[in-house]
Amino acid sequence: MPHATGPLLTRDTADAMLAARRAGAGDWTGSLDLGRNVDTVTFEGDHWSWRGHAYPWPGTLKDRTLYVLDGDDWTAVSRYGRSLIKLVPTDWGPPTFEIDGIKMLVSARISPIEDARQKVALVAPRGKTVLDTCGGLGYFAACCLESGVAKIRSFEKNEDVLWLRTLNPWSPDPDAPETGSRLHLAHADISQAIVDIADASVDAVLHDPPRFGIAGELYSQVFYDHLARVLCRGGRLFHYTGAPNRLTSGRDVPREVARRLEKSGLKTELALDGVLAVKR
């Protein structure tokens, strides 16, 4: 689906615009695309104009929520299918997202984009073919593109997450000229699609799966064997793990993952909040 081009409202930006209007100003300057650009909004009676289009004033907006114009109403950027999926603003600009209230990306101490940039740097993507197993909002892909990746194959099985990407200005658009056809995004489950990826066909892998309780198949020895199979000799893999259940159960998930990757023929070390592996 093509990326949307309309404004995104938060409670803070709407309040700032209303405060400027109440103070007698004829316009307000700020960002309505989560910090990607700064524009001037013009106040015109019962509506305001942005980038040549007129928009109605919103009603009451909630905190931690992004809004998009749907017809004549401002509606939250969320969907409820099998789960409640919601795009959530951050103090950094790039948003995170939640599934049933569980935050999928870090944002408390670092921008989600900067966090992705640090992890992507571990696999040194410049000039390489990269496999991005669980695309999410596309921040790994965005950082690979800015780092000069030759090609990135990204997979995302959740159609609602793909919909969030079309509304998020920070998610890379596979059809945009600036990607140069380097980003190939597939709506597919990587645990199944990986069987069709050729042996030794990728130079690096970025694996950021949901937690084990949601997607245990993406932590299995069978799947790790496939990751090792598609990775070229000397290729790097970064596997995000976090540290779930360490305090309550005593489990050390990063080391458990490292042991399985070692069985698949990879040399591992703990790095950032996950495991960095190299194919022997």
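**View 1. Cys-134 and the cysteines of the predicted model.** The sulfur of Cys-134 lies 14 Å from the closest cysteine sulfur, that of Cys-144, which is too far for a bond. Cys-144 is itself in no disulfide, and the nearest cysteine sulfur to it, in Cys-143, is 7.3 Å away. A disulfide is taken here as a pair of cysteine sulfur atoms within 2.5 Å, and a search of the whole structure finds zero of them. Cys-134 is buried, with a relative accessible area of 15%. Cys-144 is also buried, at 0%. Buried stands for under 20% relative accessible area, exposed for over 50%, and partly exposed for values in between (1.4 Å probe, protein chains only).

This is a predicted model, in which local features need pLDDT of at least 70 and side-chain atom pairs count only at pLDDT 80 or more, while totals for chains, interfaces and linings use all residues. Residues are numbered from 1 along each chain as its sequence is written, and side-chain values use heavy atoms, with hydrogens and water left out.

**View 2. The salt bridge between Arg-51 and Asp-33.** The side chains of Arg-51 and Asp-33 meet at 3.3 Å, N to O. A salt bridge is a side-chain nitrogen of Lys or Arg within 4 Å of a carboxyl oxygen of Asp or Glu. The pair links distant parts of the chain, 18 residues apart: Arg-51 is in the loop between β3 (47-50) and β4 (53-56), and Asp-33 in the loop between β1 (27-30) and β2 (39-44). Helices (H or I, at least four residues) and strands (E, at least two) are DSSP runs, numbered from the N terminus. Arg-51 is partly exposed at 42% relative accessibility, whereas Asp-33 is buried at 7%.

**View 3. The salt bridge between Lys-157 and Asp-189.** In this pair the N to O distance is 3.9 Å. Lys-157 sits in the loop between β12 (151-156) and α4 (159-167), and Asp-189 in the loop between β13 (183-187) and α5 (190-193), so the contact ties together parts that are 32 residues apart in sequence. Lys-157 counts as partly exposed, at 49% relative accessibility. Asp-189 counts as buried, at 18%.

View 4. Asp-252 forms a salt bridge with Arg-255, the closest N and O atoms being 3.6 Å apart. Asp-252 is partly exposed at 25% relative accessibility, and Arg-255 is partly exposed at 45%. Elsewhere, salt bridges link Arg-11, Asp-15 and Asp-63 in a network. The structure holds 15 salt bridges.
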